[in-house]
Amino acid sequence: MGRPPSALLSARVRPGGMTNRMTGDGLMTTITGEARLPSAATAYTIVVVEELGVQALRHVLWIGGPPGTGKTTVAARIARRHGLRWYGTDTRTWQHRDRALGAGNMAARRWEAMTPEERWVQSTPAEMLDMSLHVERGPMVLDDLRALPDSPLLLAEGSTIPAHAVSNGIADRSRAVWLIPTFEFQRSLLAARGTPPGPTALYLLLRDKIAREASEHSVPTLILDGSLDLEAAVGAVEELFAKALAEGPRAETRAERRALLREANEAIAAQVRGYYARPWAVGDAESVVREFLCECGNTACNASVHVPVAAVMAEAVLAPGHR
């Protein structure tokens, strides 16, 4: 859903859980009580977290929140710095829509049959939310995560990551955070991006829905108001994930990190191709210029490169002077 400007974020932490304790760094969460076990578990990806009494996708770190919060930028920077696999729900949009269509979902069928004006101008925000498949895509996201390798750690981010994964024990609460912007901050970000009125209305409505879901499922949240820059926001999320990052596993060699970056860029390319494969889309996916991650594998590299989709498959994506 786009990329945020570099000077973005500020936060105050609202931890999830049932009780809190104060430390010198702010509020930290202590979980008490017993959580219910999921009714089914995939043995090769789900392990027991004994101290919480739940079962979780232990190798996954979770960043949720609505569009316009900088989730993708924060997640990509952390994944590159620490040698993690990155999964963005946006890159699976068209796969998920095809699954919904195959299942006969009426909202998905209605959206596909509409013109852009019917979707974004003539539809109400509530209708756009229904057709966004926000709820339906949650289980698909979990299916995707279970199908991915469990090493290295997997950093999953996106607006369709389901908050109920935390309350039902699939996601480890200590490895999850939802980035929730204030209304004013999100609106300013969307305006800075030049987001059209229709998507803006949908994204603001998603903010309210996702904030309610995070509260209902006791998900730790970071409230963003714009007074911190991007690097400070990245540091705040890294601090929340510090124990998990230290435990690993992480990609240790440059070759391993480059392979993860290649995987991430191929997912971005697949997202573009998926869009232009729709019967109503006009244009050539291979000529579309998008922002891709530099694949040099240096943990200090935050560079990105704007190149056509076709160039991603031709050779490694490298920023000028990087190798």
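Analyst: Happy to! Helices and strands here are DSSP runs, with helices of at least four residues and strands of at least two, numbered from the N terminus. Please keep in mind that this is a predicted model.

User: With those runs in hand, where is Leu133 found?

Analyst: Leu133 is not a glycine, yet its phi is positive at about 60°. Its relative accessible area is 0%, so Leu133 is buried. As for its place, Leu133 is found in the loop between α5 and α6.

User: His134 is in that loop too. Is His134 buried or exposed?

Analyst: Buried means a relative accessible area under 20%. Leaving aside neighbours within four places in sequence, the contacts of His134 include Leu206, Lys209 and Ile210. The relative accessibility of His134 is 8%, so His134 counts as buried.

User: Which side chain makes a polar contact with the side chain of His134?

Analyst: Among the residues in contact with His134, beyond its neighbours within four places, are Ser159, Thr160 and Glu213. The polar contact between side chains spans 3.1 Å, and the partner of His134 is Glu213.

User: Let's turn to α3. Why do its buried residues line one face of the helix?

Analyst: Helix α3 covers residues 106-113, and its buried residues are Ala107, Ala108, Trp111 and Glu112. Looking down the axis of α3, these residues line one face because they fall within an arc of 135°. On the other side of α3, the exposed residues are Met106 and Ala113.

User: Which helices do the buried residues of α3 pack against?

Analyst: The buried residues in question are Ala107, Ala108, Trp111 and Glu112. Their packing partners are α2 (93-102), α4 (116-122) and α5 (125-131).

User: And which residue caps the N-terminal end of α3?

Analyst: The cap involves a side-chain oxygen that lies 3.0 Å from the backbone nitrogen of Ala107. The residue that supplies this oxygen is Asn105.

User: Which residue does a cis peptide bond join to Gly248?

Analyst: Another cis peptide bond joins Ser151 and Pro152, with omega about 0°, and Pro152 has its place in the loop between α6 and β8 (154-158). For Gly248, omega is about 5° and the residue joined to it is Pro249.

User: What is the relative accessibility of Ser218?

Analyst: Ser218 lies in the loop between α9 and β10 (221-224). Its phi is near 55°, a positive value in a residue other than glycine. Ser218 counts as partly exposed because its relative accessibility is 29%.

User: One last thing: what share of the protein's residues is buried?

Analyst: The secondary structure comes to 13 helices and 12 strands. Of contacts between residues at least 6 apart in sequence, 71% join residues at least 24 apart. Among the 323 residues in the protein, the buried ones make up 50%.

Conventions: Residues numbered from 1 in each chain as written. Predicted model: local features only at pLDDT ≥ 70, side-chain atom pairs only at ≥ 80, totals over all residues. Heavy atoms only, no water. Buried < 20%, exposed > 50% of the residue type's maximum accessible area, 1.4 Å probe, protein only. Arc of directions from axis to C-beta. Contact = heavy atoms within 4.5 Å. Polar contact = N/O pair within 3.5 Å; in protein donor to acceptor, adjacent residues only side chain to side chain.
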